[in-house]
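Subject: Structure handover

Hello,

Please find the structure below. My notes on it follow.

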Amino acid sequence: MSSILITYIRKESLKFFFVNMDVRNYKEDQANEIEALDSIYCGELEILATEPYHRFKLPIATEEYNADTQENGLRCDLIFTYTEKYPDTAPLVEIEDPINFLDDYEKRLVEHIEETVAEHLGMEMIFSLVSSAQEWLNQRWDDVKQEEELQRERRLREEEELEQKKFEGTRVTVEAFLAWKATFEDEVGITQRRLKDSGENRKLTGRELFLRDTTLNESDIKFLLEAGDSIESVKIDESLFQNIDDLELDSDTDDEDYVPGKE
């Protein structure tokens, strides 16, 4: 066989191979997958549209989710739309009606599904995408439960610490006790009574006794009258009484126990 003939056969074989690749019936493949999904999910598959391409919905939820109360778990609907050359190209993915999702869960779930799509290009992948999303949802719910348990334990510790402090009481220093004592005495009036009693009962100094002894004034007037002088004729040197507070009196006069005329 000539080399020219061999080259021709090879070219024709390659042409036939690539032509057959281009004529893959995507519509048929997509329809077959829809039929399989309907059988797998037992009526949970909801077809939203068939033209120009299939658009359908599948619900996913965590194992402990209560559909009646919408509590104790996570739930959402996955919306898939085939593209012209799916599964050689990625399907469109949306999330609807998320329940109990945290703020960033919806965005993170879409990103997780897109990563799974990249791993399965070229083959029917919807079942794998749903299973992967379901597993991701279960992991997030485990995270939520773990965080709730940590918060519950933290609250219990705080409550126990507060209860323990009730039995321990407050540590008292000398300064804290004196401050409390002063405040307490002010509130019950002890300080005011003490100041009042001190003012009434304390002994007067010599100067205070002298200034408060009015009998001295009377004795001076009596002395002047016996001498035959009228009070009007007495001249008073006012300078003698100026700056009386500056006089240096004998320290005995400041003695609280000092009494004039008594040794």
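Which residues does E185 touch, not counting residues up to four places away in sequence? They are I190, T191, Q192 and R194, where contact means heavy atoms within 4.5 Å. E185 lies in helix α5; helices (H or I, at least four residues) and strands (E, at least two) are DSSP runs, numbered from the N terminus. E185 counts as buried because its relative accessibility is 11%; buried means under 20% relative accessible area, exposed over 50%, and partly exposed in between (1.4 Å probe, protein chains only).

The model is predicted: local features need pLDDT of at least 70, side-chain atom pairs count only at pLDDT 80 or more, and totals for chains, interfaces and linings use all residues. Residues are numbered from 1 along each chain as its sequence is written, and side-chain values use heavy atoms, with hydrogens and water left out.

Core

The largest nonpolar core has 29 residues. Such a core is a set of buried Ala, Val, Leu, Ile, Met, Phe, Trp, Tyr and Cys residues joined through side-chain atoms within 4.5 Å. F56, L78, L109, I126 and V130 have the most contacts inside this core. At least two of its residues come from each of α2 (26-40), β2 (55-61), β3 (75-81), α3 (105-120) and α4 (126-168). The largest share, eight residues, is supplied by α4. Leaving out residues up to four places away in sequence, F56 touches several others, including I34, L37, L78 and I126.

Salt bridges

There are 14 salt bridges, each a side-chain nitrogen of Lys or Arg within 4 Å of a carboxyl oxygen of Asp or Glu.

- E124 pairs with R24, the closest N and O atoms being 3.9 Å apart. E124 lies in the loop between α3 and α4 and R24 in the loop between α1 (3-22) and α2, so the bridge ties together parts that are 100 residues apart in sequence.
- K57 pairs with E46, with the closest N and O atoms 3.4 Å apart. K57 is in strand β2 and E46 in strand β1 (residues 46-49), 11 residues apart. K57 is buried, at 16% relative accessible area, whereas E46 is partly exposed at 37%.
- R152 pairs with E149, with the closest N and O atoms 2.7 Å apart. Both lie in helix α4, three residues apart, about one turn of the helix.

Salt bridges that share partners also join R24, D29, D88 and E124 into one network.

Regards
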